[in-house]
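Please look over the ligand site of the model below together with me. My notes follow as numbered points, written for someone who has not seen this structure before.

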Amino acid sequence: MNLYLASNNAHKIEELKTFFHKEGLSMLQLASAKEIGGMPDVAETESSFVGNARLKAEALYAQAPEGSWVLADDSGLQVDALEGAPGVYSARFAGVGASAQACIDLLLEKLEGVEQAKRSAQFVCTLVLLGPGKQEQVFEGIAPGHITLGNQGESSFGYDPVFIPEGHQETYAQMGADLKNTMSHRTRALNKLARFFRGL
Ligand code: IMP
């Protein structure tokens, strides 16, 4: 089974290959969008993660050989006290091209004066899989937690230094990738995807 990933991010391909290998999903031949003409530019204009993931999946599906599968993802942080913001704007919360730290600074500024108990948040990862005949499957992973008062740990990715997952005392940045990967929104969504492929 040929599965194309709707992303230009080489790291995401490697991460997914490792995941499928670990899960014993050897029937999946994962390939990058590059092999079928490259990932088209997609404006993420939808107001939901699933909507934006679907836009990316459909754009690449239009270029994919018949009978293949396409997988796209979208993810971000939703903060309850900010009515779900930054949400689909997570990467560009402080403006297009702004650094991760600029986005964190804006988030902390908006949460100034909000007490610990009201700083609940969740990371969400939505995967859209299109199969032969454009059949769609959606998988969602959620990681609940809360936002700290300031950076804790070296910045690794995005909002990692200010997010403490439920049941833990350290931020994603402090705990490191291996522990984060056991509980992350992305892992939870990928586990659902693996279950789907196993059931075929
Ligand atoms: P993407 O859809 O995976 O590119 O994620 C969009 C944005 O959400 C990223 O640029 C980050 O700002 C934020 N984000 C998503 N997942 C994570 C995570 O695991 N840690 C920190 N930030 C994340």
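**Notes on the ligand site**

1. Strand β3 (residues 69–79) gives the largest share of the shell around the ligand, namely three residues; strands (E, at least two residues) and helices (H or I, at least four) are DSSP runs, numbered from the N terminus. The model is a predicted one, in which local features need pLDDT of at least 70 and side-chain atom pairs count only at pLDDT 80 or more, while totals for chains, interfaces and linings use all residues. Residues are numbered from 1 along each chain as its sequence is written, and side-chain values use heavy atoms, with hydrogens and water left out.

2. In total, 13 residues surround the ligand, and the closest are S75, Y159, D160, K180 and H185; a residue counts here if one of its heavy atoms lies within 4 Å. Sorted by class, this shell holds four nonpolar, five polar and four charged residues, where Asp, Glu, Lys and Arg are the charged ones, Ala, Val, Leu, Ile, Met, Phe, Trp, Tyr, Cys and Pro the nonpolar ones, and the others, Gly among them, are polar.

3. Which side chain has an N or O atom 3.1 Å from a nitrogen atom of the ligand? That side chain belongs to H185, while Y159 places a backbone N or O atom 3.1 Å from a ligand nitrogen. The side chain of K12 has an N or O atom 3.3 Å from an oxygen atom of the ligand. On its own the ligand has 480 Å² of accessible area, of which the protein covers 83% (Shrake-Rupley method, 1.4 Å probe).

4. The ligand takes up the space of the largest pocket, meaning that more than half of its atoms lie within 2 Å of the grid points. A pocket is an open set of points on a 1 Å grid over the protein atoms alone, where a 1.4 Å probe fits, with protein on both sides within 12 Å along at least five of seven lines, and lining residues have an atom within 4 Å of a point. The lining has 48 residues, with N9, K12, S75, F157 and R186 nearest the centre, and α1 supplies the largest share, six residues.

5. A cis peptide bond, with omega of about 0°, joins A85 and P86, and P86 lies in the loop between β3 and α3. E83, located in the loop between β3 and α3, has a positive phi of about 50° although it is not a glycine.

How values were computed
A polar contact is a pair of N or O atoms within 3.5 Å; within protein, one must be able to donate a hydrogen and the other to accept it, and residues adjacent in sequence count only if both atoms are side-chain atoms.
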